[in-house]
Each structure stands twice: as C-alpha cells, then as structure tokens.
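Here are my notes on this one, point by point. Have the viewer open while you read.

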Amino acid sequence: MTDRTDPVAVIREYYDRVWHRHETDAVHELFAEGYVNHAGARGTLKGPEGILTNYRNTLSAFADGTFALEMLVTEGNKVTAYYTMTGTHTGPFMGIPATGAKVSVPGIGIYEVRDGQIQESWVVRDTLVLLKQLGADVAVPAT
C-alpha cells in the first residue's frame, strides 16, 4: 500500500495502478469526489467519473496506451509530472479513424494532493505532435 501522506507516492500509484495495471477501481480511491481536472482543450473533467471517462476514451483510441513518468517535481502538496504517452492508434481519435500508427506524445500534469487523494489537476499533452503522428494535415508556420 502506498504512503498516502506522500503526494509523489499518490501520483506514482495513480499511473501504475490505473494506466499500467488497468485497475480502474483505484480511481475512486485516488481521486476525491470533488476532484476537478482543468484539461485544456478537452474541457473540465469532474470527479472520479470524469477520470474514468477520460481513461476509457483514451484506451478506445489507443488500446495499448501507457504512460511513462519521465520526471516528477514537487512543491508542497503539488506534484508536476512530465510524462510520455505511447500507444497504437486503434480507434477513432479527434475525428481521425484508426491508422495503426505508433505514437509517442509528451505531456505535463500538475496534481494537487491533499488528504491522500488527488483533488485538482491541470493536464496538457502535445496534441499537435500527436496529430502529426496520426498523419493529420497540420502545419506550423516558421517564424
């Protein structure tokens, strides 16, 4: 069992149990009922059910999707996680039908942990990198 008084341990447990071992019951243990995820373009996710919806949506597009924690930085009860999501595009994503493409996408999540649970987060991934790996016609003009 994780030391729930250690915010880093809680975040490591989340990525390990939910994304690596697919223990979705852990979401209700690790996320507070009042949890809010400010997920950028994906909108706001609320409560453990918001996390489960995101989890299911991600795996419906990337069935073998996983997250590698590259770096964790803490300040008080906040943990910043720099991660790499990898997977194979096996289902529709943002209007793009399955391509079979292998993806590797960086992202950053800032998590506030109190009382042994994740209370709030701010998570962004590099969607432009992801769309390019899926073959989408996206271009960034040179400056």
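1. Fold layout. The protein chain carries four helices and six strands. Bear in mind that this is a predicted model. Reading from the N terminus, the order of elements is α-α-β-β-α-β-β-β-β-α.

2. Overall dimensions. For 143 residues, a compact globule would come out with a radius of gyration near 15 Å, and the protein chain agrees because its own value is 15 Å. If you want a box for the C-alpha atoms, it is roughly 45 × 35 × 25 Å along the principal axes.

3. Burial and contacts. Of the 143 residues, 43% count as buried. Take the contacts between residues at least 6 apart in sequence: 53% of these join residues at least 24 apart.

4. Nonpolar side chains tend to be buried together in soluble globular proteins. Here the largest nonpolar core has 35 residues, and Tyr14 and Ile118 touch the most other members. Elements that each supply at least two residues of this core include α1 (7-20), α3 (47-61), β5 (102-114) and β6 (117-125). Which element gives the most to this core? That would be α1, with seven residues.

5. Tyr14 up close. Setting aside residues up to four places away in sequence, Tyr14 touches Trp19, Leu30, Phe31, Ile51, Tyr111 and Ile118. Ile118, in that list, is the other residue named with Tyr14 as touching the most other core members.

6. Gln119. This residue lies in strand β6. Is glutamine 119 buried or exposed? Its relative accessibility is 16%, so glutamine 119 counts as buried, the cut-off being under 20%. Beyond its neighbours within four places in sequence, glutamine 119 is in contact with Ala32, Gly34, Tyr35, Val36, Glu112 and Arg114.

7. Thr86. You'll find threonine 86 in strand β4. Its relative accessible area is 29%, which means threonine 86 is partly exposed. Not counting residues up to four places away in sequence, threonine 86 touches Asp64, Gly65, Thr66, Val103 and Ser104. As for glycine 47, it is 39 residues from threonine 86 along the chain, and the two C-alpha atoms are separated by 25 Å.

Notes
Residues are numbered from 1 along each chain as its sequence is written. This is a predicted model: local features need pLDDT of at least 70, side-chain atom pairs count only at pLDDT 80 or more; totals for chains, interfaces and linings use all residues. Side-chain values use heavy atoms; hydrogens and water are left out. The radius of gyration is taken over C-alpha atoms; the globule rule is 2.2 Å times the number of residues to the power 0.38. Buried means under 20% relative accessible area, exposed over 50%, partly exposed in between (1.4 Å probe, protein chains only). Contact means heavy atoms within 4.5 Å. A nonpolar core is a set of buried Ala, Val, Leu, Ile, Met, Phe, Trp, Tyr and Cys residues joined through side-chain atoms within 4.5 Å.
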